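Take a look at the chain below.

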Amino acid sequence: MLLSPAYAQSHQHGAATAEVAQPQAKTAAPAAAEKTPPPASGAVATASVSYHNPTTFTLRTGIATGRMVYIGVGGDIDGKINPTLMVHEGELVQINLINGEGAEHDVVIDQYAARSSVVVGKNASSTFAFTASKVGEFAYFCSIAGHRQAGMEGLIQVMAGPREAMASDAADVVRDPADLPGPIGQRGSKVVRVDLETVELVGRLDDSSTYTYWTFNAKVPGPFIRVRVGDTVEVHLKNPEGSVMAHSVDFHAATGPGGGAHATQTDPGNESVVTFKALKPGIFVYHCATPSVAHHITSGMYGMILVEPEGGLPQVDREFYVMQGELYTVEPFGTNGALEMDYDKLISERPEYFLFNGAVGSLTKTHPLYATVGETVRIFFGVGGPNFTSSFHVIGEIFDSVYAMGSVGSPPLTGVQTVTVPPGGATIVDFKIDRGGHYVLVDHALSRAERGLAGYLIVDGPEDDDIMHAGPADAPAP
């Protein structure tokens, strides 16, 4: 999304309607421990390309009280006539326009030189975006002759200063992507004890919303577990007395009934133990397997376990841990307040949110990935789901090595742009960073970026113009 001064696109095929509303460490490897990441402040804010969720409003045209109007769709403006759109200075604002009745319409904001395309057919849509750089109160309106006078006008209020994080006791449930143990390397097999606690807690979903998460060890995803092939893994699962639900854990790295879930169905106030042999190397998902399994997974009960091959994986400078999941809430995407799980949406596979590491803005505003030019980066990427496949991609990078489907026993693929990872699946991608700047982690089903799914890899170091620069190529030397 190039957003200077405004970006717009239209959809005149008259089909689906969008329902998008207003929203709103530990280092991985020994080599990374000596690196100091650049400060978070400023680095994210100055990105010229943003896949972090904009402040988004959806307006549907219609007739109300005998007038032509805009009707808010979703979130805090749902059902309101010509709703006032409240944003903060410096925010990226996206407005979606849906033609509700088939007459010709658009949306214009003169002071920002921002406008949608004209939509003609019923259900036709257009989207545009701009940065709220001017403080004040501005009109948005339909520029088709007579429509503004007929009632199609509302206000957008741009308030001074950045939007503050929600004043709440809600916990930060986001697993820092750099929070994972370092490589095992050369050692013999042994017994490895793993302690997991099932924690039900109210966590921060977005700046102004919360959700009751079910987690392993109070973060999403659960802890990154690292063993080597041949190890015996002894898992202690504790479910605190104050929990509402029974919980369990199914390890895809285990061989045996239910991946251990048969032995770890644990009621509140109890503890269970299961032991399994790590027979095959690879990167594997684990998750709760207590009915309804999908409910437990969507609420945050998933993580990954790496079974290293003998001798370990090739050395890299930095390692990161990222997982993708979905949330199915009663309330539309972007609604403020305490949100609740919607079982009907869950079993119908209609998520409101797509998330990296459990929350909107998890890897953009609160826990970006950091690296330096010249370093080799490894991302352990998995999909908790429970339902949607990811097309994992880092915008501006090409994966040097990809361990397809999480297999470390086969030679990695090379020179890969996008990796398909199914729910309950995982992969490992390695790439060397040759140029400084901001790189964006996405699922290349890019509509999901508008429902929470984006991350930043912020790279400190020279922006090598020989690799990329604005403008034409230099003239050849005489």
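The paragraphs below go from the whole chain to its strands, its rings and its cysteines.

This is a predicted model, so local features need pLDDT of at least 70 and side-chain atom pairs count only at pLDDT 80 or more, while totals for chains, interfaces and linings use all residues. Residues are numbered from 1 along each chain as its sequence is written, and side-chain values use heavy atoms, with hydrogens and water left out.

Start with the whole chain. It holds 2 helices and 29 strands. Helices (H or I, at least four residues) and strands (E, at least two) are DSSP runs, numbered from the N terminus. Of the 478 residues, 54% count as buried. Buried means under 20% relative accessible area, exposed means over 50%, and partly exposed lies in between (1.4 Å probe, protein chains only). The accessible surface of the chain comes to about 19,300 Å². Carbon and sulfur atoms account for 53% of that surface. These areas come from the Shrake-Rupley method with a 1.4 Å probe; for residues, only the protein chains shown count as cover.

Now pick out one sheet. Strands of a sheet pair through backbone hydrogen bonds, either parallel or antiparallel. Here 5 strands form an open sheet in the order E16-E14-E11-E12-E20, with mixed pairing. Two strands pair if DSSP finds at least two bridges between them. At the edges are strand E16 (270-277) and E20, each of which pairs on one side only. On average, neighbouring strands of this sheet are turned by 25 degrees against each other, direction ignored. Axes are lines fitted to C-alpha atoms, for helices over the stretch in contact, and angles run from 0 to 180 degrees between N-to-C directions. Look at strand E12 (residues 209-216). E12 and E20 pair in the parallel sense over 3 bridges. Ser-209 has Gly-337 in E20 as its bridge partner.

Next come the aromatic rings. A pair of them is described by the distance of the centres and the angle of the planes. How many aromatic pairs does a search of the whole structure find? The search finds 16. Rings of Phe, Tyr and Trp (its six-membered ring) pair if their centres lie within 6.5 Å; planes under 30 degrees apart count as stacked, over 60 as edge-to-face and the rest as tilted. Tyr-211 and Tyr-213 form an edge-to-face pair, 5.3 Å centre to centre, with 80 degrees between the planes. Tyr-211 is buried at 2% relative accessibility. Tyr-213 is buried at 2% relative accessibility too. Phe-251 and Tyr-286 form a tilted pair: 5.2 Å centre to centre, 40 degrees between the planes. This pair links distant parts of the chain, with Phe-251 in strand E15 (residues 250-251) and Tyr-286 in strand E17 (residues 282-287), 35 residues apart. Both Phe-251 and Tyr-286 are buried. Elsewhere, Phe-356, Phe-381, Phe-392, Phe-399 and Phe-431 form one aromatic cluster.

Rings can also meet charges. The charged end of Lys-134 sits over the ring of Tyr-112, 5.5 Å from its centre. Arg-148 has its charged end over the ring of Phe-141, 3.8 Å from the centre. The rule is that NZ of Lys or CZ of Arg is within 6 Å of the ring centre and within 35 degrees of the ring normal.

Finish with the cysteines. A disulfide is a covalent bond between the sulfur atoms of two cysteines. The test is a pair of cysteine sulfur atoms within 2.5 Å. By this rule the count is 0 disulfides. Cys-142 is buried, with a relative accessible area of 1%. Cys-288 is buried at 0% relative accessibility.
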